[in-house]
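Take a walk through this protein chain with the sequence beside you.

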Amino acid sequence: MLKNRVMLYVALLGLTALVGCAAPKPKDYSAFRAADPKTILILPPKNSSPDIKATYGVYAQTSRPVAEAGFYVLPISLVDEHFKAQGMTVADDVHAIDIAKLREVFGADAALYIDIKEYGSKYYVIGSATVVTAEGRLVDLRTGDELWQGVARASSEEQSQNSGGIAGMLISALVKQVMAAAFDQSYPIAGMTTQRLLSVQSPGALIPGPRHPAYPKR
């Protein structure tokens, strides 16, 4: 009986190891390639975090990676002003607009919807970290089909180095809290997040558009 239990335990450990080492499933880009969008409308991001700076902290940094991916991006400042002129100052309301209306007004092939899940500093017993997490969806404005979806996260902890013992950690934590109170520490982290979410060089992000050198000739 004991021998059987040991063998079962070993088998379970082996199965867990195999699952942990399994490669992530490749993202399916077939719908994206078939739709072949050329012009992308980036909508003001929805803010699901408690920080009121999140929407524009992320929005301001979305155009570059999408344009570098080879797509024509409608200027986000003009897009944002259009919605404000229509009395739509909340991103949730913008995200609820019918895709046919977006297509009619902007003439874009696809719209990029972003939802910010985390934005700001998290405080621990000793120390803190600035974290930005965002989810994205690319939707075909001609058909309503979802062409791509992804999620990305970046944290200031990725670049931190703990040294100097408890005293060093306390001083580092104090400096971080002072800096967080004086400046928007989330903005550069948001830039890292948008790059990971949208850059063609990031696994699972956008694929090259018609203005990118790697775009397949048709």
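Q149 is in contact with K27, G136 and R137, leaving aside its neighbours within four places in sequence. Contact means heavy atoms within 4.5 Å. The model is predicted, so local features need pLDDT of at least 70 and side-chain atom pairs count only at pLDDT 80 or more, while totals for chains, interfaces and linings use all residues. Residues are numbered from 1 along each chain as its sequence is written, and side-chain values use heavy atoms, with hydrogens and water left out.

Q149 sits in strand β6. Helices (H or I, at least four residues) and strands (E, at least two) are DSSP runs, numbered from the N terminus. Is Q149 buried or exposed, or partly exposed? Its relative accessible area is 42%, so Q149 is partly exposed. The cut-offs are these: buried means under 20% relative accessible area, exposed means over 50%, and partly exposed lies in between (1.4 Å probe, protein chains only). Now look further along the chain. Q149 and L198 are 49 residues apart along it, and their C-alpha atoms are separated by 10.0 Å.

Strand β6 (residues 146-155) has a partner. Nine bridges join it to strand β5 (residues 128-140), and the two run antiparallel. Two strands pair if DSSP finds at least two bridges between them. V131 stands opposite S155 in β6. Together β5 and β6 form a hairpin, with five residues between them. In the turn, G144 has a positive phi of about 85°.

Step back to the whole chain. There are nine helices and six strands in it. Of its 218 residues, 39% count as buried. Which residues touch the most other members of the largest nonpolar core? They are F32, V66, L102, L112 and W148, out of 45 residues in that core. Strand β4 (residues 110-123) gives the largest share, seven residues. A nonpolar core is a set of buried Ala, Val, Leu, Ile, Met, Phe, Trp, Tyr and Cys residues joined through side-chain atoms within 4.5 Å.

Strand β4 also holds Y119. Y119 counts as buried because its relative accessibility is 5%. Y119 and G57 are 62 residues apart in sequence and 8.9 Å apart in space, C-alpha to C-alpha.

Return to F32. At 2% relative accessibility, F32 counts as buried. Leaving aside neighbours within four places in sequence, F32 is in contact with P37, F71, L138, L147, W148, L206 and I207.

Next come the aromatic rings. The structure holds four aromatic pairs. One of them is Y29 and F32: their ring centres are 6.3 Å apart and their planes are at 50°, so the pair is tilted. Another is Y56 and Y59, with centres 6.3 Å apart and planes at 55°, so this pair is tilted too. Rings of Phe, Tyr and Trp (its six-membered ring) pair if their centres lie within 6.5 Å; planes under 30 degrees apart count as stacked, over 60 as edge-to-face and the rest as tilted. Y29, F32 and F71 form one aromatic cluster.

Why are Y56 and Y59 about one helical turn apart? They are three residues apart in helix α3 (residues 54-59), so about one helical turn separates them. An α-helix has 3.6 residues a turn, so residues three or four places apart point the same way. Y56 counts as partly exposed because its relative accessibility is 39%. Y59 counts as buried, at 2%.

Both tyrosines touch D80, and so does P44, not counting residues up to four places away in sequence. D80 lies in helix α5 (residues 76-85). D80 is buried, with a relative accessible area of 9%.

P44 leads on to H95. The side chain of H95 reaches the backbone oxygen of P44 at 2.8 Å. This is a polar contact: a pair of N or O atoms within 3.5 Å; within protein, one must be able to donate a hydrogen and the other to accept it, and residues adjacent in sequence count only if both atoms are side-chain atoms. H95 is in helix α6 (residues 91-95). With a relative accessible area of 18%, H95 is buried.

End at helix α7 (residues 99-106). At its start, a side-chain oxygen of D98 reaches to within 2.9 Å of the backbone nitrogen of A100. Just after α7, G107 takes a positive phi of about 70°.
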